[in-house]
Amino acid sequence: MGTLLVRHAEVLVTMDAGRREIRDGGLFIRDGAITAVGPTGELPTEADQVLDLRGHLVLPGLINTHHHLYQTLTRAVPAAQDADLFTWLKTLYPIWARLTGEAVYVSALVGLAELLLSGCTTASDHLYLFPNDVTLDDEIRAARELGIRFHASRGGMSLGESRGGLPPDRVVQDEETILADCRRVIEAYHEAGPYAMTRIVIAPCSPFSVTPQLMRASAEMARTYGVRLHTHLAETKDEEQFCLERFGRRPAAYAADLGWTGDDVWWAHSVHVNAAEIELMARSATGVAHCPTSNMRLASGIAPVRAMRAAGVRIGLGVDGSASNDSSNLLAEARQALLLQRVTGDPGALTARQALELATLGGASVLGREDIGALMPGRAADFAAFRLNRLEYAGALHDPVAAIVFCAPQRADLVVVNGRIVVSEGQITGVDLGPVIERHNRLSQQMIDQAM
Ligand SMILES: [Zn+2]
């Protein structure tokens, strides 16, 4: 791959131990990894490729820890616009039952392109519906074409309506099928080493769609292979009620009983966790994907991020699926996180820099990666650059780092993953998006028409 020199960035945000923000900063990159970080004057002056980022803010690539890319096909569906989680799910399951491998591939291109353009360089996705010819391979193919670093979660649902679960029986699979496919995709795709571009995660969907047996068997399999575990937990009061009625315990205790705590586990949401449960998460090093927009959209509640941070819980940000966001913009999510923590009366609950920390270092920690999330020697060359001389930042350039969170979220002008340019001049380089959007809209319309 050779060498790449980045120089003259207006401000380069490192997220290193001293949280240095370097004026006239730069990076020296060899074979996709950073070898030097500092003021431009202290870096080598020559490289195979040189990027002059005068007038730009450079951030470590943002990291998304929770998403359902296929949901870009069902944004703003009228009957699900003003619904809580369970009503929203029951409205959308029949549409999602029409999902195909082609639809998963095309929606992954759309959602991942949106993430890249928001400065995101590592995305985690949670696919838990496998009707028709859908496979996890479809979204991995999309990620590779775009050049984004990707953690693909093989989800699953095994508890249908007839056995007391929420989803209709026709969208669930039996447990042997789910586990066999988890094994298949781990063996086919999982890269364990540093700078891995594809990793596999095992991710049964939620307490109300999966049996305790599958949760236990998934945890065992993940630990045999050394892959991570992910699930929805403590998202809504309805889910809490379901767990109390069916399992006689609150969601966190239910998860803990099944082996679903630990430094290889992260939960999505964790809105309804009390002080003892936050303590359990911190003690066990269980991570969380905080999804503020989705939590507001579905009226799920406010996750106690401030208390979790104070307790030392590992927290990343997630845009969540695009049927409950309804976008895949991680920079916007950082802004939402900051605003939502303040809404109950504490203007200092989360600062702009803390929100960026959740979106970078926090996400890396939740995904179990020490090779991304900061611009430091030894880390992967994953970064995003935003031009500062634009209307939306006018009047905020005394603090460009805060501006990027406080001001309306803007498109990244340049995004580099593993030393490779994947967004240039605000455009995706790997895929021609025009035809993709057309195809996506056609597939979306077909799925919704067929389900009506
Ligand atoms: Zn979700």
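1. Helix H2 (residues 101–117) and helix H3 (residues 137–146) have axes that come within 8 Å and cross at roughly 40°, where axes are lines fitted to C-alpha atoms over the stretch in contact and angles run from 0 to 180 degrees between N-to-C directions. Helices here are DSSP runs of H or I with at least four residues, and strands are E runs of at least two, numbered from the N terminus.

2. This is a predicted model, in which local features need pLDDT of at least 70 and side-chain atom pairs count only at pLDDT 80 or more, while totals for chains, interfaces and linings use all residues. Residues are numbered from 1 along each chain as its sequence is written, and side-chain values use heavy atoms, with hydrogens and water left out.

3. The zinc ion is coordinated by His66 (NE2), His68 (NE2), His232 (NE2) and Asp320 (OD), at 2.1 to 2.5 Å; donors are N, O and S atoms within 2.8 Å of the metal (3.2 Å for Na, K and Ca), and because water is not among the atoms, sites may look incomplete. His66 lies in the loop between strand E6 (62–64) and helix H1 (85–96), and Asp320 in the loop between strand E13 (315–317) and helix H11 (330–342), so the pair ties together parts that are 254 residues apart in sequence. Both residues, His66 and Asp320, are buried, that is, under 20% relative accessible area, with exposed meaning over 50% and partly exposed in between (1.4 Å probe, protein chains only).

4. Ala80, in the loop between E6 and H1, is likewise buried, with a relative accessible area of 2%. The C-alpha atoms of Ala80 and Leu298 are separated by 9.5 Å, although these residues are 218 residues apart along the chain.
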